Amino acid sequence: MTQESTLGDSPAWVKTFDLCSPDFRSAFSRQFGGRAKLLLKNLVFGLMRSRATYDRSGVSLDSITEVVRSSRQQLKLAVLDMTGTTVADDGLIERAFSSAVAPEGVEPGSERYRSMLGYLRETMGISKIDVFRQLFGANHEQAARVHRAFEVGYDEALSEGTLRPVPGAESAINFLRETGIKVCLTTGFARHTQNSMLESLGWMGLADLSLCPADAGRGGPFPDMILTAILALDLDDVRQTLVVGDTTSDIQSGCRAGASLVLGVLTGTHQEAALRAAGAHDVIPSVAELPTLLSGAGNTLHSLWR
């Protein structure tokens, strides 16, 4: 559940720091161990209002101040999922899926179809060829055939010009790049389909890099695409990375890659509870919230420490 605080009763020095900085939680935990969660909660909600309060707790105010200062490591890369996170799906994936499996005798409305569709939804964010291999078992030839039909069907939908960005996504990407944060767009689709998506949206060149599973070795929930982006864009530390996605696979990928901040969004497939259970540091309504969150504007703290 989202927590809010105005920080109005907090010490004046607290307001001079960005409590939403990506490395804040990990630095605080390293410094204060098992006491970190309670200390941070008190800090955020203004319950520790004086030096005397800190002294009675056995924690030096100066030591907390130093942790906050030292934890403001600048983000240098944002890895953003495409479908469901920056790109609205509008049912295109499920329509392409229905068209692809029908020639294999999987009729819409049948029990087998419902089971397969449920699995497709559960595994959103995972490489599509891997999903079809699971659905069709050991018959890899059939899985490859269905996957090709799926990609063709999705490409046909793209050619109709129906693809649209999540509202505010393009502005968020521009904001990130303008503030010096490189952007990588990732997908579970094949390279051809990803390029078609970028062309349809007029997004060629919008981001610094785009990656699909074939570019990195594996798709989600593995960290390969994120780590490939980190290497390709010359980052020094995985902790300089922000990951945003709408599926549990996206979240697991970010956590496994060691990203400092892994955010779920509610514009795609999976719900808040599932995203949090997968390890999301927080869940925000949309990628459009990133400029506000990262600039520190406003006084909302989204579950800063869970």
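Predicted model: local features only at pLDDT ≥ 70, side-chain atom pairs only at ≥ 80, totals over all residues.
Residues are numbered from 1 along each chain as its sequence is written, and side-chain values use heavy atoms, with hydrogens and water left out.

**View 1. Overview of the chain.** The chain contains 15 helices and eight strands; helices (H or I, at least four residues) and strands (E, at least two) are DSSP runs, numbered from the N terminus. Of its 306 residues, 53% are buried, where buried means under 20% relative accessible area, exposed over 50%, and partly exposed in between (1.4 Å probe, protein chains only).

**View 2. The peptide bond between Gly-220 and Pro-221.** Gly-220 and Pro-221 are joined by a cis peptide bond, with omega about 5°. Pro-221 belongs to the loop between helix 11 (213-216) and helix 12 (224-232). Most peptide bonds are trans.

**View 3. The backbone at Asp-90.** Asp-90 has a positive phi, near 55°, although this residue is not glycine. Most residues other than glycine have a negative phi. Asp-90 is located in the loop between strand 2 (87-88) and helix 5 (92-101). With a relative accessible area of 40%, Asp-90 is partly exposed.

**View 4. The backbone at Asp-234.** Asp-234, a residue other than glycine, likewise has a positive phi, here near 60°. The loop that holds Asp-234 runs between helix 12 and strand 6 (241-245). Asp-234 is exposed, and its relative accessible area is 63%.
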